Amino acid sequence: VSNEGSVDGNNILATREFGEPLHAGNQGGRSVWYTFTAPKDGVLTLDTAGSAFDTVIAAYLGERLGELASQGSNDDANPGSGFSHLEQAVRQGNTLRIALDGFAGQSGDFKLKYSFVPKALRQLTVGSGLGGGVDLESGLYADGASISVTATPDDRHDFVSWSGTKTSYAPRLAFTISEDTTITADRKSTRLTPVTWPYLVCRLL
């Protein structure tokens, strides 16, 4: 596809292929695929507003269906909207494999709008650390993008701080990315740690 435009289509006869990933975590079942090769570093925006059914959309890198690396996905642009919106950063020369599917296998006429804007990109690396998780994955982001990530500890740990390029003592970390950034969520155990003391022999003289 070119750098901007729209595609009208229908996925009624589309099927799910063996080894195909779950797009936006949804079972789907009627996916249609497109490719886009970035002419420069930048951001590809995809939008399915105007489609006749509830869509999901996802972008991947890779050559084989069973070995695709997820880059980003979206179910609803806004809660309950029924259409999807994805802004995906991509390096020059990389080919994104784009899947458009119906939520829970829905089908019908769809509209896929796309536009590409060259932008400087920054790499964000997020480490979840031990004892919990984070709600944002590592990936590429446009320079100047707003980043928000929250660390959630499990029931055996407490959150301590964010360490790395950005630091904070609050579980939610928000910032504008302007450089390649590495952050890690640090936690501490809330459980007592068993200690085995060496056996001491005291001898009276």
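Is Ile-147 buried or exposed? Ile-147 is buried, with a relative accessible area of 4%; here buried means under 20% relative accessible area, exposed means over 50%, and partly exposed lies in between (1.4 Å probe, protein chains only).

## Basis of the model

The structure is a predicted model, in which local features need pLDDT of at least 70, side-chain atom pairs count only at pLDDT 80 or more, and totals for chains, interfaces and linings use all residues. Residues are numbered from 1 along each chain as its sequence is written, and side-chain values use heavy atoms, with hydrogens and water left out.

Strands are named by E and a number: helices (H or I, at least four residues) and strands (E, at least two) are DSSP runs, numbered from the N terminus.

## The sheet E1-E8-E3-E6

An open sheet is formed by four strands in the order E1-E8-E3-E6, with antiparallel pairing. Two strands are taken to pair if DSSP finds at least two bridges between them. Strands of a sheet pair through backbone hydrogen bonds, either parallel or antiparallel.

The edges of this sheet are strand E1 (4–10) and E6, each of which pairs on one side only. On average, neighbouring strands of the sheet are turned by 20° against each other, direction ignored. For such angles, axes are lines fitted to C-alpha atoms, for helices over the stretch in contact, and the angles run from 0 to 180 degrees between N-to-C directions. Seven bridges join E1 and strand E8 (residues 109–118) in the antiparallel sense. Within E8, Leu-112 stands opposite Val-7.

## The sheet E2-E7-E4-E5

Another open sheet has four strands in the order E2-E7-E4-E5, and its pairing is antiparallel. E2 and E5 are the edge strands, each pairing on one side only. Neighbouring strands of this sheet are turned by 25° against each other on average, direction ignored.

The antiparallel pairing of E4 and E5 runs over five bridges. Asn-74 in E5 is the bridge partner of Ile-57.

## Salt bridges

The whole structure contains four salt bridges, a salt bridge being a side-chain nitrogen of Lys or Arg within 4 Å of a carboxyl oxygen of Asp or Glu. Side chains of opposite charge can pair when their charged atoms come close. One of the salt bridges joins Arg-91 and Asp-41, whose closest N and O atoms are 3.0 Å apart. Arg-91 lies in the loop between E6 and strand E7 (95–102), and Asp-41 lies in the loop between strand E2 (32–37) and strand E3 (42–47), so this pair ties together parts that are 50 residues apart in sequence. Arg-91 is partly exposed at 29% relative accessibility, and Asp-41 is partly exposed with a relative accessible area of 25%.

A salt bridge also joins Glu-63 and Arg-97, with the closest N and O atoms 3.1 Å apart. Glu-63 is in the loop between strand E4 (55–61) and E5, while Arg-97 is in strand E7; the pair links distant parts of the chain, 34 residues apart. Glu-63 is exposed, at a relative accessible area of 69%, whereas Arg-97 counts as partly exposed at 21% relative accessibility. Between Asp-143 and Arg-122, a salt bridge brings the closest N and O atoms to 2.8 Å apart. This pair links distant parts of the chain, 21 residues apart, with Asp-143 in the loop between E11 and E12 and Arg-122 in strand E9 (residues 121–127). Asp-143 is partly exposed at 36% relative accessibility, as is Arg-122 at 25%.

## The largest pocket

The largest pocket holds about 660 Å³ of space. A pocket is an open set of points on a 1 Å grid over the protein atoms alone, where a 1.4 Å probe fits, with protein on both sides within 12 Å along at least five of seven lines; lining residues have an atom within 4 Å of a point. Of the 23 lining residues, Gln-71, Glu-87, Gln-88, Leu-140 and Tyr-141 are the closest to the centre of the pocket.

Strand E5 (69–74), strand E6 (85–90), strand E11 (139–142) and strand E12 (146–153) are the elements that give two or more residues to this lining. E6 contributes the largest share, five residues. By class, the lining has nine nonpolar, ten polar and four charged residues. Ala, Val, Leu, Ile, Met, Phe, Trp, Tyr, Cys and Pro count as nonpolar, Asp, Glu, Lys and Arg as charged, and the others, Gly among them, as polar.

## Positions in sequence and space

Ile-147 is placed in strand E12. Ile-147 and Thr-176 are 29 residues apart in sequence and 5.9 Å apart in space, C-alpha to C-alpha.

Terms used: Points joined across faces, edges and corners; volume = space filled by probe spheres on them.
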